[in-house]
Amino acid sequence: MKRLFVILIFCFIYQFLFSQEKILNNFTIEDGLPSSHVYNGLQDRQGYIWFCTDKGVVKFDGEKSKVFTTEDGLSNNDIWNLFLDSQDRIWLYTFGNKIHYIQNDSVHAINAPANFDKITNIKEDPEKGLWFILGLRPFLYSNNKFVLEVPYYKKTESEANFLHYVNTSEDTTFYCSKTFPNNKPGHQFLHIKIGEGPITKIASITQNKITPFFITPYKNGVLSIENNSIYEIGVNHQKKLLYSTSDIYIKELVSFSDFNILATSKGQLILDKNFLPHPDFEFTKKMNINKVFEDRENNIWITTKDKGVFLWKRNQGSEIYKEDFKDNANLLCIEKDENETLWLGGSNDFLYYIDKDEKIKKIKLQLPPNSLDIGKEIKIIKSKNESLTLGLNIGLIQINKNKITSKTKKISPHFFLGKIPTKDFEFYNNNILATSGQAIVDINKSLKNNKVEYFFYKKTPIYQIALDNEKIWMGSHEGIVYLKNNELHEQHNPWSNLPISNIQTFKETDGIWVSTQTGVLYVIRKNETKKIFDFKTSINKILIENPTSIWAATSTGIYLLKEKNNEFQIEGFINNKNGLLSNEVNDFSIRKPFLYAATNKGLSKINLINFRQNKKPHFLQPIISEVLINNKKTSDKNPILKYNKNNLKFYFHSHSFSQFGNIEYEYRIPEINDNWERTLNRTANYTTLPHGAYTFQVRALIPNQTTSTTTSYSFEILPHWSNTWWFYTLCSLTFLFIVYFLYKNRIKKIEERELEKNKISHQFSELELQALQAQMNPHFIFNSLGAIQYFISTDQTLKAENYLSKFATLLRSYLEASRHKFISLQEEINLISNYIFIEQMRVNNKFTFELDTDPSCNLHSIHVPSFLIQPFIENAILHGLIPKEGEGMLIIRIKNNSRINSCVISIDDNGVGRTANTTAHPSKFKNHHKSRGLQLVQERIAVVNKIHNSYLGYEIIDKNNNQGTLVKITIPFDTEENE
């Protein structure tokens, strides 16, 4: 047997000189797996990852797992492989006489053909037929049924000892192997094309003890594994690609985009496309691997026999150097010199360097024996020519790089300047300027004079130094100052009172870049300050890659800023979820194509090529995984819901496994609010939605990078029956009917009212006539004529003439008033005054008369029914004042009552009163308890109130001790009738 081929030796014994640890996510039983023994897995078209275990099948979305077992319809929980067909069905490899698949989270079982006990392979042909293979027996499942008669199968059954399906081009193809007779050992491949032509011989292999185990498409033929070798097999040709000793038995070959996996008797080997050792997969040697597969973002999933599943986010190109710094994990600074060597320092007196071959060396600094441990921290490293200058708490030291070789274990400083706790330093005109906080130290003078020479002193501590062609820039806790021509100047800028965290100069930008501990980045150009970006978190280090590309290490990770349209925007972001050991980055450097970040937990190495190429995820669009309607799950895609099913909850997630925990979501229903709601959760809840058509929209965001396309879910909520069109139509018709009914009823009432009004008007006219007749009663006329006769017979001619004149005026006034239903209160008062004057003359002035009118009452604008007041005056004179012994008094008061919008007329007399009058003339009041005039007045008031809906009325009050009578008449201001 040949010696072990060199390449294969590397497959088994190749190791890095220094270990590198990949960033891996490990998913175990605690994360939802039913078992730590995971056979294999795949990613479906929606982005879910499926695992098959010895205790069921798992559907995984990155956070939640759903496990399918016999309780869900499986006949066996031991599932050792999966296959995804073109109809999104997950087919299961397992024992038993049933074939299972999972679709839409439901398990379906199909009765298998006779003697079918397990599946060894599943393939799908271009016609979407499924081929289930058991050894040499293929079963075709097409149009939801098995086709048992497979052409040309029987011609090879007795000759071949292995059958494997391969889909080449548009053909349905089988490759099978056939052993030679015993007297001619070897092996030949046969090509079977289903449904066409004869069997074609491809090639022969004449090795002893050759038994084929695997065939897979490769270039213009197939790859075959023969015991301990891999062959490329084509038509009439073969080529050996890999050979191993007989004690290493190759079982299987799986090819991916840029690597191959060999399953051997001594474990899994991962090779590149040329079957050479793949350095990126060295970490898998410690794992008991079952299978390896890729997802759509080129992440690597590794299933194991005892530790569940591992996920390596390969596109991030991240490596971790942790074990190499276990004696000093707290790395504080990193510097790249002119030879592209990286120098690192940290919390003790070890100096590390990484050469171009990625080999890590450490050197112990020979410091004074009395140096305190706290003073041995290497806080800053800067390289110039052959020297390396280190800043420590105990002072500034310098070493000669030329004296460092691969065998160097310890090194002594070229010079040492103690007692100066160094914060920062810069090379300046062949000198070194260092700051210890408050002091700027001239190193050359200090070394020459063997004492510390202060170059500049300021009360505010100075922690940062940067140089340009003209100035020495210094950053403090209170802003920036600079030294020019040995004169100190203050830079008045927005950061005047802010602590400065970093100052950098960059020749190509001709500017000074300044960051503050509050997270703001500025640039000074031509004495003008421009704000670049606000990170809203402290900035530890900035690095100017070029005028339009800036890196910033913050307390939350490392950001890449790019200038677009004269503005800087975040182009990329790295944190502990996608490449860093810790978000707290103390220092970093770029040695293309890698970025090296020094943290308190070790060194992280980021592949910038992959970082820039893959800053946008491949599979970011979110999936709406579940919709709850009134807390009940629905499978409807565009449901039409009843009015009371208006509480909806949406569950969604994005299958970007390379961005675990680093995805935010935005969602909205634009019919409710156009603004997007942002959340870190994966749910959205809407309650008591009104009826209408809606579209729920959700999109995913990777912080500071990109937004996915939108996923939508449409639904409609039907209105309550009271909000339907037919209900509105019915209401409208009902309303119109009611309006019509009210209209007709109104017309009827108007007509009835007009009839009633005419009737009342006729009645009112009769009452007016009766009132006129009552006022001109025979007693009054007879008494008046008698008085005139008396004045004539007693030669009182003047009185007779005057009386006759007043009497004629009164009669004329009566006749004039009788023509109107309403007259002004002024006219009524004039008529009453004439009547009172006549009565005074007739009774020889037995009573006096007084009229008291409120100035605020406009008697001309107040209208009253004609002859309304006169009956009360007549009763006061005839029944109260004339029977009275002694002088009588009659007072009429007219007052304005604005509270009730009325005028109140009071008729007050001091006559004998109604009680005394009833006692003196019992026969008169026995049958006629009311005068005819008052009865007419009462009837007329009732008619007026009915017509005008007013409150015209009167009140008769008997005064105490029969001292007279008080009548109050209330007249509203709007009782005038339109005539």
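Author: We will go through cores, a sheet with its helices, a loop residue and some aromatic rings. Please keep in mind that this is a predicted model.

Reader: Let's begin inside. Which residues have the most contacts in the largest nonpolar core?

Author: The general idea comes first. In soluble globular proteins, nonpolar side chains tend to be buried together. Here the largest nonpolar core has 46 residues, and Leu825 and Ile873 have the most contacts inside it. Helix H8, residues 825-842, gives the largest share of this core, with 8 residues. Apart from it lies another core, made of 25 residues, including Ile270, Val292, Phe310 and Leu311.

Reader: What is Ile873 in contact with, leaving aside its neighbours within four places in sequence?

Author: Its contacts are Ile832, Tyr835, Ile836, Leu890, Ile892 and Ile907. Ile873 itself is one of the buried residues of helix H9.

Reader: Now for sheets. In which order do the strands of the open sheet lie?

Author: Strands of a sheet pair through backbone hydrogen bonds, either parallel or antiparallel. In this open sheet of 5 strands the order is S68-S70-S71-S73-S72, and the pairing is mixed. Strand S68 (847-853) and strand S72 (953-958) are the edges, each pairing on one side only. From one strand to the next, the twist averages 15 degrees. For a close look, take S68 and strand S70 (residues 888-897), which pair in the parallel sense over 7 bridges. You can find Thr848 opposite Met889 in S70.

Reader: Which strands do H8 and H9 lie across?

Author: H8 lies across S68, S70, strand S71 (902-909) and strand S73 (965-972), and runs at about 165 degrees to S68. H9, residues 870-881, lies across S68, S70, S71, S72 and S73, at about 150 degrees to S70.

Reader: Let me try a loop. Is Gln517 buried or partly exposed?

Author: Gln517 has 38% relative accessibility, so it counts as partly exposed. You will find Gln517 in the loop between strand S47 (511-516) and strand S48 (520-525). Gln517 and Ser501 are 16 residues apart in sequence, while their C-alpha atoms are 5.3 Å apart in space. Beyond four places in sequence, the contacts of Gln517 include His477, Pro499, Ser501 and Thr537.

Reader: And the aromatic rings? How do I read a pair?

Author: A pair of aromatic rings is described by the distance of the centres and the angle of the planes. The structure holds 41 aromatic pairs. In one of them, the rings of Phe27 and Trp301 have centres 5.9 Å apart and planes at 25 degrees, so the pair is stacked. Phe27 in strand S2 and Trp301 in strand S27 are 274 residues apart, so this pair links distant parts of the chain. Phe27 is buried at a relative accessible area of 9%, and Trp301 is buried at 0%.

Reader: How are the rings of Phe652 and Tyr667 arranged?

Author: That pair is tilted, with 6.3 Å centre to centre and 45 degrees between the planes. Both residues are buried. Ring pairs also link Phe652 and Tyr667 into a cluster whose members include Phe650, Tyr665, Tyr686 and Phe715.

Technical notes:
Residues numbered from 1 in each chain as written. Predicted model: local features only at pLDDT ≥ 70, side-chain atom pairs only at ≥ 80, totals over all residues. Heavy atoms only, no water. Core = buried A, V, L, I, M, F, W, Y, C linked by side-chain atoms within 4.5 Å. Buried < 20%, exposed > 50% of the residue type's maximum accessible area, 1.4 Å probe, protein only. Helix = DSSP H or I, 4+ residues; strand = E, 2+ residues; numbered from the N terminus. Contact = heavy atoms within 4.5 Å. Pairing = 2+ DSSP bridges. Axes fitted to C-alpha atoms, helices over the stretch in contact; angles between N-to-C directions. Phe/Tyr/Trp six-rings, centres within 6.5 Å; stacked < 30°, edge-to-face > 60°.
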